[in-house]
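Trainee: Could you walk me through this one? I'm new to it and would like to take it step by step.

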Number of protein chains: 2
Amino acid sequence: MVTIRDVARAAGVSIATASRALHKDHLVAQSTRDAVRAAADRLLYSPHRGARSLITSRTHTIGVLLPDLYGEFFSEVIRGIEETAQAAGYHCLLSSARRRGPSLEAALRSMRGRVDGLVLMSPEFTGDLSKRALPTGFPVVLLNSPPTDVDHDSLTVANCEGAQAMVRHLAGLGHRRIAIIQGVGGNFDADERLRGYRAGLHQAGLPFAPELAVPGDFSEAAGEAGALALLASGHPPTAIFAANDGMAIGALFALRNSGIRVPEDIAIGGFDDIPMARYVEPALTSVHVDISALGSRAAARLFSALERPAGRDFSRETLPTTLVVRRSCGARGN
Amino acid sequence: MVTIRDVARAAGVSIATASRALHKDHLVAQSTRDAVRAAADRLLYSPHRGARSLITSRTHTIGVLLPDLYGEFFSEVIRGIEETAQAAGYHCLLSSARRRGPSLEAALRSMRGRVDGLVLMSPEFTGDLSKRALPTGFPVVLLNSPPTDVDHDSLTVANCEGAQAMVRHLAGLGHRRIAIIQGVGGNFDADERLRGYRAGLHQAGLPFAPELAVPGDFSEAAGEAGALALLASGHPPTAIFAANDGMAIGALFALRNSGIRVPEDIAIGGFDDIPMARYVEPALTSVHVDISALGSRAAARLFSALERPAGRDFSRETLPTTLVVRRSCGARGN
DNA sequence: CGGTACATTGTAAACGTTTCCAAATGCCGT
DNA sequence: ACGGCATTTGGAAACGTTTACAATGTACCG
C-alpha cells in the first residue's frame with residue numbers, strides 16, 4: 001500500500017510538500033508540484049481517506065439509514081440520494097434498520113467517525129433517541145418522520161393531502177363505499193394517509209366505516225390479503241384506496257384472480273406512483289410523489305447543512321403530491 | 001465529540017486500559033473493566049472508526065459498486081448484499097458508476113482506505129483496469145462480469161442456459177418466429193443471453209433472423225420501443241423474448257396499447273424474474289434468478305476472502321436459473 | 001525471606017494524513 | 001552591502017485509536 005511518504009521520497013521532497021502539491025496548489029512551486037504529481041501518478045497513489053478524515057474531521061461520506069430496502073420506493077430514494085451525493089463528491093454509507101429501538105440506535109452509533117451527516121428515514125422515529133444515539137449538532141435530515149422533532153431538518157411528502165385528493169376523486173366518480181388498505185400502524189406515512197382518507201370521506205359527505213379500513217404493511221402480499229379480506233366481507237366496497245402502490249398492485253392481482261374486473265367492478269387507487277404503476281394492467285391511478293427527488297433534496301439539504309455548520313434554524317419541507325389518473329380508477333377518458 | 005481519552009479520564013485509568021476494557025476483556029481487571037464500561041456508557045462514547053481503521057487497517061466496510069441503481073434488479077442485489085453485510089457486522093459503501101473507464105476507475109480509487117473489499121458489478125468490465133485502479137491483492141468479488149478476469153472471485157448467473165431454456169420453451173409451444181429484445185451491446189449479460197437465444201433457436205431447428213433481434217438497453221422504455229419496432233416491421237414475430245423483465249414489461253405495455261393480445265397474438269418471456277413479474281397482467285413468464293441471493297452470496301464470498309487474506313485461488317461460480325412459466329407465454333394450464 | 005511468575009496497568013510508538021511554524025533561499029530596495 | 005520581504009520547503013505536532021513493551025504490584029513457592 002503506497003502512502004504519501006512513498007510519493008514524497010520518489011519525488012525527493014518532504015511529505016509536507018508532497019501533501020501540499022496534491023491539493024493546495026498555490027503554496028508550492030510549479031516544478032515540484034509537477035514532480036510530485038508525476039510520482040503520485042506513477043505509483044498509483046491514492047490517499048488513505050481514513051487517515052485524512054482523522055485530521056480534517058471530514059469523511060466526505062453521508063450515512064443513509066432506511067427502514068427497509070425492498071421495493072421500488074426505497075430504490076428510487078437511494079438513487080436520488082446517491083446521484084446527488086456523487087455529484088457533490090460524497091459517498092453513501094447505506095444501512096437498513098428494520099425496526100426502531102436498539103437496532104436503530106446501534107446502527108446510528110456505529111456510523112460515528114464514518115459519516116459527516118445522515119439521511120434518516122424512519123417513519124416511526126419518535127425523536128427521543130437522537131439524543132442518545134447522535135452527538136448533538138450532528139447534521140441529520142429526517143425523511144418522512146413525524147413533526148415531533150424540531151431539532152433536525154426534515155422532509156416529508158404531502159401524505160394527507162394526497163390521500164384526500166385520491167378519495168375525493170373516487171367519490172367524485174360516484175363511489176360511496178371506498179375502502180382503504182392501510183400501512184402499518186404507528187408509521188407516520190401510514191397514519192397521515194389514513195387521516196387524508198378520513199378527511200376525504202368527510203369532505204365528500206361519506207361516513208367512515210371501520211370495516212372498510214383493513215390493515216396492511218406496504219407489501220404486495222398485504223395488498224392481496226387486504227383485497228381478499230374486503231371481498232370476503234359480504235358487502236365489498238366499490239373502490240379501494242391502497243396506502244401505497246405495492247399494495248395496490250397486490251390488490252389488483254388478487255381481484256383479477258378472483259374474477260373481479262378493475263375498474264368496472266371495483267376501482268383502485270394507489271400512492272407513490274412508483275415507475276411500475278403506469279405499466280401494470282390496468283394502469284394504476286396513484287398519488288404521484290417525485291421519489292428520487294425526495295432523496296435528492298434530502299441529500300442536497302444535508303450538504304448545505306454541512307457547509308454552514310451551526311447556528312442554523314431547522315426547516316421542515318413538504319413535497320407536494322399530484323393525483324395521476326390512469327385506468328384503474330375508471331375515470332372516463334382513461 | 002467524546003474520545004477514548006475522555007472515557008479514560010472519567011474512569012481514572014489510562015487510555016490503554018480504557019481501550020482494552022472495551023474489547024479485550026481478559027487483559028483487564030473486572031472492576032476496572034466495569035468502571036470503564038460505565039464511563040463509556042455515561043458519556044455516550046462510541047469509537048471513531050476512522051482512527052481505529054488507521055491502526056487496524058480494517059474498516060469493516062465493503063464497497064458496492066453497481067453500474068446503475070434503477071430498477072428492481074439492482075434494488076434486490078443491494079438488499080441481499082446489505083443484509084449479509086449487516087449480519088456480519090459490516091457496512092456498505094454504495095456507489096454507482098454509470099459507465100466504465102475513468103469514472104469507474106476514479107470511483108474505485110476513491111474507495112481506498114474506506115473499504116476492506118469490494119463487490120463490483122460491471123458487466124462491461126474488461127479486467128484490465130483492476131491493475132491501475134486497485135491495489136494488487138485487494139479482495140474483490142466480481143458480479144456478472146466476463147470470464148476474462150481470473151485474478152478475482154466472480155459470480156455469474158447462467159445467462160446462456162436460461163435464455164436457451166426460454167427459447168426452447170417458446171419453440172416447444174409452436175412458435176417459429178421468436179424475436180429478442182436485446183440488452184445493451186458489450187454487456188456481458190446481454191451478450192450471453194443473446195448467445196443463449198441463438199443456441200435455443202439452433203436447438204429447435206430455427207434460423208437466426210437478424211430482423212427479429214432488435215436492440216435494447218434493459219429499460220422499460222427500450223422494451224416498448226423494441227416491441228413497436230417489431231410490430232412495425234411488416235412481418236411481426238409470434239413470440240418475443242426480452243433480455244430482462246423490465247423490457248418485457250415495457251413490451252407488454254406497448255403491445256396492449258397497440259391492441260395486440262398477449263399471449264394469444266404474441267407470447268412474451270422475460271429474464272430475471274423480478275418480484276414484479278408475477279403481478280403484471282398477464283403474469284410474466286421469465287427466467288428465474290435468485291437476485292437477492294446473488295448479492296448475498298457475493299457478500300459472503302467477500303467476507304470469507306477477508307478471513308483468509310492471501311494465497312487463495314479464485315473461484316468462479318455460476319448461479320443456476322430456472323424457467324418460470326406463467327401466463328404471458330401462452331402455455332396451457334397457466 | 002528472596003525470587004519467580006502472573007496479573008494488571010501505564011508509556012509510547014505507530015497508522016497516514018494535514019497543517020502550524022520555522023527555516024532556508026532568493027530578490028528587492030535602500 | 002544589508003535588512004526585509006516573498007516564496008518555497010521541511011520538521012513536527014496533531015487527529016483517535018490499538019498494541020508492543022515496560023513497569024508495577026501481588027502472590028506463591030522454595
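Here is our chat about it, one question at a time.

Mentor: Before you ask, this is a predicted model, where local features need pLDDT of at least 70, side-chain atom pairs count only at pLDDT 80 or more, and totals for chains, interfaces and linings use all residues. Residues are numbered from 1 along each chain as its sequence is written, while chains are lettered from A and ligands numbered from 1 in the order in which they are written.

Trainee: Which helix supplies the largest share of the surface near DNA strand D?

Mentor: Near means that a residue's C-beta atom, placed from the backbone, lies within 6 Å of the strand. On that basis 26 residues surround DNA strand D, and A:Ala16 and B:His48 are among the closest. Helices here are DSSP runs (H or I, at least four residues) and strands are too (E, at least two), numbered from the N terminus. The largest share, five residues, comes from helix 4 of chain B.

Trainee: How many residues of that surface near DNA strand D are charged?

Mentor: Ala, Val, Leu, Ile, Met, Phe, Trp, Tyr, Cys and Pro count as nonpolar, Asp, Glu, Lys and Arg as charged, and the others, Gly among them, as polar. The surface near DNA strand D has 16 nonpolar and seven polar residues, and the charged ones number three.

Trainee: What is the bridge partner of A:Cys92 in strand 2 of chain B?

Mentor: Strands pair if DSSP finds at least two bridges between them. In strand 2 of chain B, A:Cys92 has as its partner B:Leu94.

Trainee: How are helix 1 and helix 2 of chain A oriented to each other?

Mentor: Axes are lines fitted to C-alpha atoms, for helices over the stretch in contact, with angles from 0 to 180 degrees between N-to-C directions. These two come within 8 Å and cross at roughly 100°. Angles under 35 degrees count as roughly parallel, over 145 as roughly antiparallel, 65 to 115 as roughly perpendicular and the rest as oblique. So helix 1 and helix 2 of chain A are roughly perpendicular.

Trainee: Is A:Ile15 buried, exposed or partly exposed?

Mentor: A:Ile15 lies in helix 2 of chain A. Buried takes 20 or more other C-beta atoms within 10 Å of a residue's own, exposed 12 or fewer, and partly exposed is in between, with C-beta atoms placed from the backbone. A:Ile15 has 14 within 10 Å, so A:Ile15 is partly exposed.
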